[in-house]
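Q: I'm new to reading protein structures. Could you walk me through a few features, one at a time?

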Amino acid sequence: MTEHQPSPRVPDGPAAVPGCPVRTDAVRLAGVSYQQTPSQLYRALRREHGPVAPVLLDGDVPAWLVLGYSEVSHVTAHDELFARDSRRWNQWGAIPQDWPLMPFVGYQPSVLFTEGDEHRRRSGVITEALEGIDQFELGRDCQYIAEQLIAGFAGSGQAELMAEYAHALPMRAAVQVCGMPDSRADTRQLVEDLRISLDAGEGDDPVAAYGRVGERLRQLVKDKRSAPGPDVTSRMLLHPAGLTDEEIVQDLISVIAAAQQPTGNWIGNTLRLLLTDERFAVNVSGGRLSVGEALNEVLWLDTPTQNFIGRWAVRDTQLGGRHIRAGDCLVLGLAAANTDPQIWPESHVGAENAAHLSFSNGEHRCPYPAPLLADVMARTAVETLLERLPDLVLAVEPEELAWRPSIWMRGLTALPVEFSPVVR
Ligand code: HEM
C-alpha cells in the first residue's frame, strides 16, 4: 500500500498508514464517514483485522481498538493485565503537551486513573454516596427541571433539544444531587462552566471554565465539611474511608462529568429514535413501542460512549490473536462489541435484555447504581417532554441530523423540533 492510497474496504474513512511505528496496516480513527456511520467502519475493521484492530489516534499515535464482545469483556475483567493508569503508556515520548486527546488520557489523581486497592477505596466511596440518592426523589427533581426547561421554549413552538434540554437536564440534576440547590446563582454559573469545560463552543475558554469548576467544588467541599447535608458530597466527606478534600474534589468532577455527557446523549439519541422510527411513532396511538424499549435499543445500537480510552497493558500478552506489548494502549470499542456478529449470528441486533457493554464491565465499569440513576434521568426527561408536547416532530429531515465529530461520544450536534406553541 502506498502512502496516499486509501484502504480499499473503508472508503473516505481510515487510511492505511505506512511508517506507523507499530504496524503498517493500522487505520486512522477519523473521517467523515466514520462520524456519520461508525457501524460500517466497525464491520470493515472486523472483516479486515478480526476482533482487535491496530488503529492510529490523532497525530498518528498507535493504539489497539478492541472490537469483539468477548475481547472487551476479557480486557475489562482482567485489570491485573489491562490497567487504568495512563502513565503506563509506552508512547508518552511521542505525545505533545497540547495533544487533543490529553483531556481523556492525561493522568489525573481521580478515581478514573487509580488501580487496585486505591481504586476500590475511591470507587467504594462513590458507590455508597450514590446509593444514598432516593430514586423517587431524583425522578421528582428531574421532572421539575424538565418542566422548567420545557417552559423556557414551549411558547415558541420550536426548540433545539440537545442544548436546551438533553444536555441541560442531567447537568442540573447532577449538580443538585451533589448538594448545590438549583435556585442559587453560583450553581447556575457552575452548570455553565461545566458545560464549557465538557463541551466548549466557539468563543468559550474551557481551561478558565475548568479552573472555576475546581474552585467552586473546593468551596462546596469546605462548606459541606462544616455543614453536611443529605447529598453526595456530604456522604463522601463522612465516609469512613477518610478521603482528603482534594480527592473528593477530583472524584466529584469525575462523577459529574461521567454523569452528564453520556446521559445527555442517551436522552438525545432516544428522542431521535422516537422521532424518526415508525415503530415508535409517537403520534399514532396504540401499538407503539415504549420509551423503555427505545432507551434500551439506543444502548445496544447507538450507545453514548461508543469508544472509551482506555486500558494499558501491564505486560506483554496476547489478545484476539494479537501480540500486545507492555504499555500498549487499548481503546474499548463498546459500540462495536454491542454489535459483534459473534453474539448476533442472525445479523439481527437488539434485545430486551441489558447484556450490552454500554456501561462497560469489570472493576472500572460505570459504578452501581449510576446506570440506574442515568435511567431515571433519561426516562423522566423523555417521558415528560412527550407528555407536555404531544405533537412534537422533527423540524428537519431525518437525514439532515448530524452526529458530533467525536470518536468517543455518540451524540447529535443538534436536534431541532417543532410543536404547537403552548399558551399559558
Ligand atoms: C447513559 C449514561 C451512562 C453511560 C453510558 C456511562 C458509561 C460509562 C462508561 C463506559 C464508563 C467507563 C468504564 C470503564 O472504564 O470501563 C463509566 C465510568 C463511570 N461512570 Fe458512567 N455512564 C453513564 C452514566 C453515569 C452516571 C449517571 C454517573 C454518576 C451518577 C456515572 C458515573 C461514572 C463514574 C464515577 C465512572 C468511573 C468509574 C471508575 O473509573 O471506577 N456514569 N461510565
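Q: Which hand does the crossing of α6 and α15 have?
A: A crossing counts as left-handed if the near helix is turned anticlockwise from the far one by less than a right angle, and right-handed if clockwise. Here, the crossing of α6 and α15 is right-handed. The contact (heavy atoms within 4.5 Å) involves residues of α6 including L138, C142 and I150, and residues of α15 including L372, V376 and L385. By class, that contact has ten nonpolar, five polar and two charged residues. Nonpolar covers Ala, Val, Leu, Ile, Met, Phe, Trp, Tyr, Cys and Pro, charged covers Asp, Glu, Lys and Arg, and the others, Gly among them, are polar.

Q: Before we go on, what kind of model is this, and how is it numbered?
A: It's a predicted model, where local features need pLDDT of at least 70, side-chain atom pairs count only at pLDDT 80 or more, and totals for chains, interfaces and linings use all residues. Residues are numbered from 1 along each chain as its sequence is written, and side-chain values use heavy atoms, with hydrogens and water left out.

Q: At what angle do α12 and α15 pack?
A: Angles run from 0 to 180 degrees between N-to-C directions, and axes are lines fitted to C-alpha atoms, for helices over the stretch in contact. For α12 and α15 the angle is about 40°, and their axes are 9 Å apart. The two are therefore oblique to each other: under 35 degrees is roughly parallel, over 145 roughly antiparallel, 65 to 115 roughly perpendicular, and the rest oblique. On the α12 side, W266 and L274 are among the residues making the contact, and on the α15 side, A378 and L386 are among them.

Q: Is α13 enclosed or open, and why?
A: Buried means under 20% relative accessible area, exposed over 50%, partly exposed in between (1.4 Å probe, protein chains only). Eight of the eleven residues of α13 (291-301) are buried, so this helix is largely enclosed by the rest of the structure. W300 and N296 are among the buried ones. The cover includes α12, α14 and α15.

Q: In what order do the strands of the open sheet run?
A: Strands of a sheet pair through backbone hydrogen bonds, either parallel or antiparallel. To count as a pair, two strands need at least two bridges found by DSSP. This sheet has three strands in the order β5-β11-β10, with antiparallel pairing. Its edge strands, β5 and β10, each pair on one side only. L394 stands opposite V417 in β11.

Key. Helix = DSSP H or I, 4+ residues; strand = E, 2+ residues; numbered from the N terminus.
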